[in-house]
Amino acid sequence: MNDNAITDDALLMALGELVQREISAAQLLGHVIDVMARILKADRGTLFLLDEQREELISVAAHLPELDEIRVSLNEGVAGYVARSGSFVNVPYCEDDARFSNAIDNTTGYETRSMLAGPLHNADGRLIGVVQVLNKKEGIFDDDDQRLLARLAGQAAVLLERTTLTPPGEGDGPSALPVDGEGINQIVGRGGAMRQVIGDVKRVAPLEATILLRGESGTGKSLFARAVHHNSPRREGPLVQVDCTTFPEGLMESELFGHERGAFTGAHVRKEGKVAQAQGGTLFLDEIGDLPPGLQGKLLTLLQEHTYCPVGGTARQRADIRIVAATNRRLEELVEAGGFREDLYYRLRVVQIELPALRERGQGDLRELIDHFVARAARRHGHRRPRIRGDAMSMLTGYHWPGNVRELANCLESAVIFADDEITPSTLSLPHPEAIGKVRAMSAGQDISHPFDDYPTLEELESRYIAFLLERHDGNRSQCARIMGIGRNTLLRKIRQYELE
Ligand SMILES: Nc1ncnc2c1ncn2[C@@H]1O[C@H](COP(=O)(O)OP(=O)(O)OP(=O)(O)O)[C@@H](O)[C@H]1O
Ligand SMILES: [Mg+2]
């Protein structure tokens with residue numbers, strides 16, 4: 001039993017670590033059932049999430065090569081019974097138990113002999129799903145197994161809550177399926193712009209190519225840099241970050257490339273640089289635009305030849321690293337002004353990924369992020385998840401978020417701390433005078449009938465204008481494009497961008 005407890009904890013920790021990594025949601029759930037089946041010495045396992053609207057359980061991960069997905073009604077089978085009763089069920093001999101339904105076995109040809117199943121509850125005690133393991137490899141499931149499953153189910157529920165997966169029926173719209181089809185965990189946003197970025201990241205992550213991530217502050221560059229590493233073949237290797245703004249030129253060189261003993265006054269010992277530390281993994285150069293000019297040539301050599309020389313060293317070293325760089329500065333202007341080497345700029349921009357500003361990401365993403373950060377803050381601070389009052393929501397969706405996702409996350413975290421059951425405009429510390437003006441106008445019952453009364457951003461205005469034209473002209477896109485004086489393809493892109501389809 002002691003041995004069991006140790007492996008059990010080690011595995012639980014392994015699962016916990018998975019959640020920290022930007023692995024795909026499907027992978028995470030797959031690991032959860034692998035671990036459960038392994039610990040409980042079962043042949044197979046299934047993790048169901050509850051779809052409240054349809055009153056069904058949907059398998060989101062299963063050892064089930066025969067079917068893509070199982071959907072069972074809450075009136076059906078042992079899993080349905082567990083969902084209705086909220087209790088654990090141990091069925092040592094399926095053929096003897098009236099709660100067992102052999103409908104799935106009949107479809108798959110797999111024979112379920114024994115079964116242990118239990119509920120998954122979220123932090124508020126609400127049922128979110130059911131886990132089950134099938135066919136104990138030797139003998140039948142016992143009380144120890146049941147206790148273990150209860151612990152694992154508790155852990156799995158926490159994992160599920162920590163990921164950004166939305167259980168069915170929660171969140172906005174019909175696309176709120178349990179598994180984020182985009183496949184990168186911890187990144188929220190299903191809107192067109194984010195989908196494009198996630199698609200690009202998934203395409204380039206497995207390659208060795210250097211990637212340049214660009215975007216305003218707080219748009220998720222660091223988050224995506226981690227996602228690249230964790231979705232690359234180097235994921236088992238180190239991810240080492242260097243902030244290029246931190247050090248003056250002299251120190252930066254030794255920080256990056258290390259130095260030999262006696263290389264300069266004070267260099268009493270040999271020091272390994274970040275490049276060496278990242279060996280076999282990924283080196284993330286944050287704020288690459290601030291890399292001191294004297295080092296830019298050395299970085300270019302590193303990128304082109306995969307070699308470098310420690311300060312005070314004579315022999316060149318080979319670097320087995322993949323480089324991801326990020327910047328929020330306009331590199332073109334830096335190049336123009338002579339602050340950034342043109343050849344390095346061209347080398348870096350071969351694979352560049354532009355992260356959209358939050359205000360360009362469409363209302364769908366914004367609402368999804370709001371939901372995500374409110375839930376996360378509530379969990380973090382042990383609060384019940386507050387409601388967001390309508391006027392506060394308008395304030396959130398009307399604000400232009402110059403600090404992007406980071407500002408949104410911070411704003412909502414403080415709102416959750418200060419709100420009781422409800423987030424109101426006064427719990428949101430949004431400084432923007434226009435947004436505040438808008439809320440004042442609303443709370444004073446003023447009529448916001450003028451098209452500019454709510455101070456829309458240019459993007460919002462554009463989005464509304466396109467929606468208006470499409471409505472006026474029965475969705476005739478060529479005609480709308482002509483009226484707007486833009487090409488049809490540009491219009492189609494904007495329609496996608498603003499999710500007006
Ligand atoms: N699409 C997203 N889904 C979920 N969280 C996000 C998303 N984008 C950003 N975040 C969160 O917002 C915060 C800011 O992101 P991050 O630090 O990656 O931004 P950044 O672009 O690197 O900013 P800076 O330029 O200031 O370094 C982080 O807490 C990050 O987890
Ligand atoms: Mg960053």
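**Figure 1. Pro233 in the loop between helix 7 and strand 8 (239–243).** The view is taken from a predicted model. Pro233 has 11 other C-beta atoms within 10 Å and is therefore exposed, the limit for that class being 12 or fewer. Pro206 lies 27 residues away from Pro233 along the chain, yet the C-alpha atoms of the two prolines are separated by 6.0 Å.

**Figure 2. Residues around ligand 1.** The shell holds 15 residues, of which Ser217, Gly220, Lys221, Ser222 and Val405 come nearest to the ligand. Helix 7 (221–230) and helix 15 are the elements that give two or more residues to this shell. By residue class, the shell around ligand 1 has 8 polar, 5 nonpolar and 2 charged members. Domain 2 (192–354) and domain 3 (365–446) each supply at least three residues to the shell.

Figure 3. Asn404, Val405, Leu408, Cys411, Leu412, Ala415 and Val416 are the buried residues of helix 15.

**Figure 4. Glu55 in the loop between strand 1 (42–51) and strand 2 (56–62).** Most residues other than glycine have a negative phi. Glu55, however, has a positive phi, near 50°. With 13 C-beta neighbours inside 10 Å, Glu55 counts as partly exposed, since a residue with 12 or fewer would be exposed.

**Figure 5. His306 in the loop between helix 10 (293–305) and strand 10 (307–308).** His306 is not a glycine, but its phi is positive, near 60°. There are 16 other C-beta atoms within 10 Å of His306, which means that the residue is partly exposed; a buried residue would need 20 or more.

**Figure 6. The protein chain as context for the close-ups.** The chain contains 19 helices and 15 strands. Of its 501 residues, 38% count as buried. Among contacts between residues at least 6 apart in sequence, 66% join residues at least 24 apart.

Notes
Residues numbered from 1 in each chain as written. Chains lettered and ligands numbered in written order. Predicted model: local features only at pLDDT ≥ 70, side-chain atom pairs only at ≥ 80, totals over all residues. Helix = DSSP H or I, 4+ residues; strand = E, 2+ residues; numbered from the N terminus. Near = placed C-beta within 6 Å. Nonpolar A, V, L, I, M, F, W, Y, C, P; charged D, E, K, R; others polar. Domains from an automatic or database assignment. Contact = placed C-beta atoms within 7 Å.
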